[in-house]
Amino acid sequence: MPQPTLERLTEHSSVLVGPTNVGLIRTPEGKALLVDTGNDEDAGRRVLRQCESLAMPVEAILVTHSNADHCGGNSFIQHRTECRIVATRTEAAVIQAPALEPSLLWGGFPLPPLRNKFLMPRQSMVTDTIRPPCAVPGTDVDALPLPGHFLEMAGYMTSDRVFFAADSLAGEEILSKYHVFYLYDVAAHLATLDMLTELDAEWIVPSHAAPTRDVVPLVRANRAKVHEVESVIVELCAQPSTPEQLLARLAEHYGIELNHTQYVLVGSTLRSYLAWLMDRKVLSSRLEKGYLLFERV
């Protein structure tokens with residue numbers, strides 16, 4: 001895989017553009033603060049090579065959340081540089097015990113096909129735990145809460161108003177290809193989308209879309225996709241259905257080919273939608289002969 005492309009946004013803030021965008025913030029001392037590290041050791045090696053070519057020693061990794069495509073390079077970079085790693089308390093727990101993520105998604109000890117590097121990155125050690133909104137210790141970067149996509153995701157605002165927005169926004173290509181974008185808390189995700197439109201930022205950098213000065217069109221596309229998926233699920237619940245039946249029908253509707261990883265990601269997201277719809281009294285649930293059934297109210 002080629003080196004990530006360096007895109008400079010402001011005097012101090014750049015993006016290493018790749019499958020997962022990595023933020024590169026130059027400190028007043030000429031060191032590098034990284035926002036995430038990509039999906040594995042190879043990604044971490046490419047990021048570190050880029051920092052070395054710019055003569056910017058890595059001071060710290062600011063992790064947005066514990067999904068492997070965001071912290072998979074942590075271990076390699078930390079081992080080579082002894083840098084600090086900063087994360088929220090809940091995400092830090094998963095970073096330091098990677099088996100927690102597939103366990104959460106599966107709902108028990110994970111099946112062998114779920115113990116893969118996409119769901120279980122190499123362990124790295126978080127040195128600084130934070131509770132956004134707050135300043136990141138030892139930096140001029142602020143951490144802001146981004147609830148919705150994962151457990152306790154955070155975004156990072158630089159002093160020159162570049163905001164690294166993690167997975168609070170999916171790119172339009174991802175929305176049109178995958179449709180059911182992973183969400184832990186649907187209501188919180190929608191509230192985060194509202195927050196992004198009001199944020200005082202010169203640039204907003206999603207992890208899987210191009211940096212933008214105008215986030216409104218992308219927010220609109222993400223919101224529309226959530227409500228589209230909502231409508232599909234509500235229609236599928238016209239007849240009482242189990243989560244398994246709903247998952248199969250949802251995958252068929254969107255042409256999603258389920259492997260083990262997709263099964264737990266889409267299935268977990270479906271359950272988050274079901275909880276959200278029950279909170280709003282759109283759906284109800286009941287147990288019948290040992291089966292959990294959902295239906296429209």
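**Exercise 1.** The charged end of which residue sits over the ring of Trp 276?

*Solution.* The model is predicted, so local features need pLDDT of at least 70 and side-chain atom pairs count only at pLDDT 80 or more, while totals for chains, interfaces and linings use all residues. Residues are numbered from 1 along each chain as its sequence is written, and side-chain values use heavy atoms, with hydrogens and water left out. A charge sits over a ring if NZ of Lys or CZ of Arg is within 6 Å of the ring centre and within 35 degrees of the ring normal. The residue is Arg 280, whose charged end lies 4.2 Å from the centre of the Trp 276 ring.

**Exercise 2.** Determine how many aromatic pairs there are, and classify each.

*Solution.* Rings of Phe, Tyr and Trp (its six-membered ring) pair if their centres lie within 6.5 Å, with planes under 30 degrees apart counted as stacked, over 60 as edge-to-face and the rest as tilted. This rule gives two aromatic pairs. Phe 150 and Tyr 182 form a tilted pair, 6.0 Å centre to centre with 55 degrees between the planes. Phe 150 has 2% relative accessibility and is therefore buried (under 20% relative accessible area, with a 1.4 Å probe and protein chains only), and Tyr 182, at 10%, is buried too. Tyr 273 and Trp 276 form an edge-to-face pair, 6.1 Å centre to centre with 75 degrees between the planes, and both of these residues are buried.

Technical notes
Buried < 20%, exposed > 50% of the residue type's maximum accessible area, 1.4 Å probe, protein only.
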